[in-house]
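This report describes selected helices, salt bridges and strands of one protein model. Please consult the structure shown below while reading.

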Amino acid sequence: MRRQVAALARDRVSGATALARRAALLLRSAARDDGRGLGRWQQDLRALGEAVAAAQPVMGSVLTVVEIARRAAEGARTVRAGARAVRRAMDDYLRWQAGAVARAARRLPALLPRRATCLTLSSSEVVYRALLAARRRGRLARVVVAESRPGCEGVAVARRLAARGVPVSLIVDALAPAAVAELDVVVLGADAVTRTAVWNKCGSLGVALAASAARRPTLVVTTGDRLLAPSLARRLALAEAEPRAILSRPPRGVRAINRLFDATPLGLITLVVTEEGGMEPAAVKRRLGIGRT
């Protein structure tokens, strides 16, 4: 399991949907009756969950999966019952996830002007499917995709969209805020949503600020497992990563700083769209309850 957790931590390209699926399958595999006592079994599963969460500390869906597994395990009276409960909980989550992604994607087309031009970045399975749905319904004319360094997931998204017949322009990240004023709407995914912010790939804050200045809407399309109440939201962390992607050998006196994610204030978001529908920031805050993130 240690090797699988390490591989999960190294993944800098997959979106939150794929990472949560991997986390659920990993926890499901670990939840087996191998002769340990109940207390030790629960302790080991809890430790694995902590390691999984720490491997992707910005992924709200991963935190949600870990919490679901923990609750299933803690409620068991025997290891056998606990293993069965965790496996069932992970299977239920995976079934729910597939349906939620499809339902959330179907919400976007009605929210776009006809023949809309959109900007997006990074790699979100929900956003990708939502853009395809909008194209099928005649609501989408063109997509501008920021390349999304250092992993350049945006390049892969541009290729996927183009292969499905969507006209795409691929731009360097630094141009994304300037491009917003020439388009109709910004469509972003979300790795996590709290009462105060949307956590997503670095660059999201810049385009949301640009959209606000240009009076363009910013729509976040995601699934409900990434909406985090304060108890889970406080575990999110914006860690520094891969300084060598900027400068392989910094000269003396220079520190290279790189972050893969940023946090966009919720007030800059027009709507958070999930499988249940669109919510304005005030509705998101009400749903997630009162408390500090």
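Arginine 70 is partly exposed, with a relative accessible area of 34%. The model in which this value was computed is a predicted one. The side chain of arginine 70 forms a salt bridge with that of glutamate 67, with 2.8 Å from N to O. Both residues belong to helix H4, which spans residues 60–74, and they are three residues apart, about one turn of the helix.

Glutamate 67 also meets the side chain of arginine 71 in a salt bridge, at 3.0 Å from N to O. Arginine 71 and glutamate 67 lie four residues apart in H4, again about one turn of the helix. The spacing of such pairs follows from helix geometry: an α-helix has 3.6 residues a turn, so residues three or four places apart point the same way.

Is glutamate 67 buried or exposed? Glutamate 67 has a relative accessibility of 15% and therefore counts as buried, because the buried class covers values under 20%. Arginine 71, at 58% relative accessibility, counts as exposed, since that class covers values over 50%.

## A network of charged residues

How many salt bridges does the count come to? The count comes to 16 salt bridges. A network of salt bridges links Asp34, Arg36, Arg40 and Asp44.

Within this group, the side chains of arginine 36 and aspartate 44 meet in a salt bridge of 2.8 Å, taken from N to O. Aspartate 44 is partly exposed, with a relative accessibility of 25%. Arginine 36 is likewise partly exposed, and its relative accessible area is 23%.

## Helix H6

Helix H6 covers residues 125–136 and has 12 residues. From its first C-alpha to its last, H6 reaches 17 Å, close to the 16 Å expected at 1.5 Å a residue.

Which residues of H6 are buried? They are Val126, Val127, Tyr128, Ala130, Leu131, Leu132, Ala133 and Ala134. Following H6 comes glycine 138, which has a positive phi, near 75 degrees.

## A β-α-β unit

Strand S2 (residues 140–146) and strand S3 (residues 168–171) run parallel and are joined by four bridges. One of the residues involved is valine 144, whose bridge partner in S3 is serine 169.

Together with helix H7 (residues 153–163), S2 and S3 make a β-α-β unit, and this unit is right-handed.

## An open sheet and its helix

Another part of the model contains an open sheet of three strands, in the order S5-S6-S8, with antiparallel pairing. Strand S5 (192–193) and strand S8 (261–265) stand at the edges, and each has a single partner strand, so one side of each is left without a neighbour in the sheet.

Two bridges join S5 to strand S6 (residues 197–201), and these strands run antiparallel. Alanine 192 stands opposite tryptophan 199 in S6. Helix H9 (residues 204–214) packs on the sheet and touches S6 and S8. The direction of H9 makes about 30 degrees with that of S8.

Terms used. Residues numbered from 1 in each chain as written. Predicted model: local features only at pLDDT ≥ 70, side-chain atom pairs only at ≥ 80, totals over all residues. Heavy atoms only, no water. Expected span 1.5 Å × (residues − 1). Buried < 20%, exposed > 50% of the residue type's maximum accessible area, 1.4 Å probe, protein only. Salt bridge = Lys/Arg side-chain N within 4 Å of Asp/Glu carboxyl O. Pairing = 2+ DSSP bridges. Right-handed = clockwise from strand over helix to strand, strands pointing away. Contact = heavy atoms within 4.5 Å. Axes fitted to C-alpha atoms, helices over the stretch in contact; angles between N-to-C directions.
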